[in-house]
Amino acid sequence: MPDTAEHLAGLWRGYLVGARWFQSKGLPIHSLTITPLPWHTQSGTVWVRSELAEVAVGDVVETYHLLTGYLPVGTAEPDALIGRAELPGRGWVDVVDAPRSLRTLAALLASLVQPRATGMTWFSAPPDPDSPTAVFAGEQSNTTVRVGSDVQFKIFRKITPGPNLEEEVLAGLRESGITPRLIGALTGADGSVALGIFVEHIRHAEDGWDFAVEACRSERSIADEMTRLGSTLRLLHVDLVEAFGSSTVDGATIAAQMLARLDAASAQVPELAENRQPLRAILDVKAGPVPVQRIHGDFHLGQALISPSGWTIIDFEGEPIKTPEQRAAPDSPWRDVAGLLRSLDYARHYHDHPDGSSAKAWYSEARQSFLASYAGDMPLPRPLLRAYEIDKAIYELVYETRNRPTWAGIPRHAIAEALSAPG
């Protein structure tokens with residue numbers, strides 16, 4: 001019998017390079033080892049377990065959650081099949097990415113709703129395991145499966161030490177009404193590894209990104225909706241302070257962090273190095289106390305759902321290429337504001353003529369409506385906000401250059417505009 005662990009590692013290695021949730025695309029994989037966790041279910045013909053893949057990629061080691069199903073040979077759905085392996089106690093089997101296999105998901109759900117299921121905690125009634133399931137398309141960091149009409153099972157993919165940020169925030173804001181309700185959490189057997197969460201599915205909701213892109217393309221004003229989103233984000237920040245507290249940091253500390261990120265980005269993207277000094281001038285935030293708190297951390301149009309009941313804010317894991325410590329650290333709420341403004345600029349570029357007067361007018365109106373609603377009676381900290389917008393655009397340029405080169409022109413254009421603007 002071939003070495004099962006080594007064979008499975010080889011199968012997953014080939015699969016990972018094409019998986020949307022693998023965050024180191026384009027970098028060489030030096031090694032991959034798999035550590036299986038206890039079985040979720042091992043009865044009947046469908047076996048399911050979580051496995052942790054330690055991937056040495058570039059100069060770092062990343063951990064990924066592989067939710068793996070084992071089925072009789074020849075029975076796997078083609079879209080879910082990773083390959084075949086000889087499993088001790090079972091013989092040759094089809095190996096599948098469990099979320100993409102309806103049979104495997106059904107077996108997994110049936111096991112998780114059982115009393116005392118290993119690693120499963122339910123905060124309210126679990127979903128019906130016989131409910132129809134469907135994987136959401138378009139995700140880049142995790143895998144989310146809709147279970148029936150009212151529940152989503154979000155499977156965490158890149159695993160980091162400590163509590164999962166999204167689970168932590170949703171637990172703290174369980175009664176907010178502007179975030180999905182936390183229904184359950186799946187961890188490793190000892191509770192030290194967060195593997196996924198079950199959350200409320202918002203019915204009749206449209207992704208904020210799709211909504212804005214279509215509006216821009218058709219030159220339809222979204223001023224009213226952006227006004228409502230601004231007030232919703234402001235309420236979220238108030239709720240986060242109540243749940244997690246707040247403090248202040250010196251603006252010089254924020255500036256130092258932004259300048260360090262610029263230096264790191266300049267080492268990866270030569271065009272940033274060429275404009276390093278004028279960019280430093282924008283990011284050099286004035287010294288003085290700046291209020292900081294837990295924030296969303298990766299706020300953009302795709303992190304908000306619009307429905308007849310208003311806006312719901314989702315996905316609280318922070319920017320994917322930041323470390324867990326960076327994502328959990330208190331920051332200014334103006335970072336979230338800047339993220340949404342950058343997202344509106346991305347939406348503008350889906351217009352047939354993004355630099356034409358109509359697209360620019362659409363963007364300007366949406367931007368001002370959102371800002372005015374969020375700020376209310378607060379004065380806008382314009383230099384701080386500008387710094388956060390450029391800090392975000394620099395992050396975007398690095399991300400797009402590595403992952404989606406055809407999109408890199410959007411943050412590149414924003415940086416160029418900032419460099420040419422007076423003052």
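Analyst: Threonine 104 is buried, and its relative accessible area is 0%. Here, buried means under 20% relative accessible area, exposed means over 50%, and partly exposed covers what lies in between, with a 1.4 Å probe and protein chains only. The model is predicted: local features need pLDDT of at least 70, side-chain atom pairs count only at pLDDT 80 or more, and totals for chains, interfaces and linings use all residues. Residues are numbered from 1 along each chain as its sequence is written, and side-chain values use heavy atoms, with hydrogens and water left out.

Threonine 104 belongs to helix α2, which covers residues 102-112. Helices (H or I, at least four residues) and strands (E, at least two) are DSSP runs numbered from the N terminus. When neighbours within four places in sequence are set aside, threonine 104 is in contact with Val46, Val48, Gly69, Leu71, Val96 and Ala98. Contact means heavy atoms within 4.5 Å. Between threonine 104 and arginine 404 there are 300 residues in sequence, and their C-alpha atoms are 32 Å apart in space.

The whole chain comes next. The protein chain has 13 helices and 17 strands. Its radius of gyration is 23 Å, close to the 22 Å that the globule rule gives for 423 residues, so the chain is as compact as a globular protein of that length. The radius is taken over C-alpha atoms, and the rule is 2.2 Å times the number of residues to the power 0.38. Along the principal axes, the C-alpha atoms fill a box of roughly 70 × 45 × 45 Å. Of the 423 residues, 52% are buried. Among contacts between residues at least 6 apart in sequence, 65% join residues at least 24 apart.

The accessible surface of the chain comes to about 18500 Å², and 53% of this surface belongs to carbon and sulfur atoms. Such areas come from the Shrake-Rupley method with a 1.4 Å probe; for residues, only the protein chains shown count as cover. The chain has 38 positive and 52 negative side chains, and the centres of the two sets lie 2 Å apart. Lys and Arg count as positive and Asp and Glu as negative, while His and the chain ends are not counted. The place of a charge is NZ of Lys, CZ of Arg, CG of Asp or CD of Glu.

The interior can now be described. A nonpolar core is a set of buried Ala, Val, Leu, Ile, Met, Phe, Trp, Tyr and Cys residues joined through side-chain atoms within 4.5 Å. The largest such core has 98 residues, and Met226 and Leu344 touch the most other members. Helix α12 (residues 382-403) supplies the largest share of this core, nine residues. Apart from this core lies another, of 23 residues, including Ile29, Leu32, Ala53 and Ile82. Beyond four places in sequence, methionine 226 is in contact with Leu301, Trp311, Leu340, Leu344, Ala366, Ser369 and Phe370.

Arginine 367, in helix α11 (residues 357-375), is buried at a relative accessible area of 16%. Not counting residues up to four places away in sequence, arginine 367 touches Leu341, Leu344 and Glu389. Tryptophan 209, in helix α4 (residues 208-217), is buried at 18%. With residues up to four places away again left out, tryptophan 209 touches Leu301, Gly302, Ser343, Tyr346, Ala347 and Tyr350. Serine 266, in helix α6 (residues 251-268), is buried at 9%.

Loops complete the picture. Glutamate 317 lies in the loop between β17 and α9 and is buried, with a relative accessible area of 15%. Beyond four places in sequence, glutamate 317 touches Asn142, Lys154, Phe156, Asn164, Leu165, Glu166 and Arg327. Aspartate 315 sits in the loop between β17 (310-313) and α9 (324-328); its phi is near 60°, a positive value in a residue other than glycine. At 69% relative accessibility, histidine 204 counts as exposed, whereas threonine 104, at 0%, is buried.
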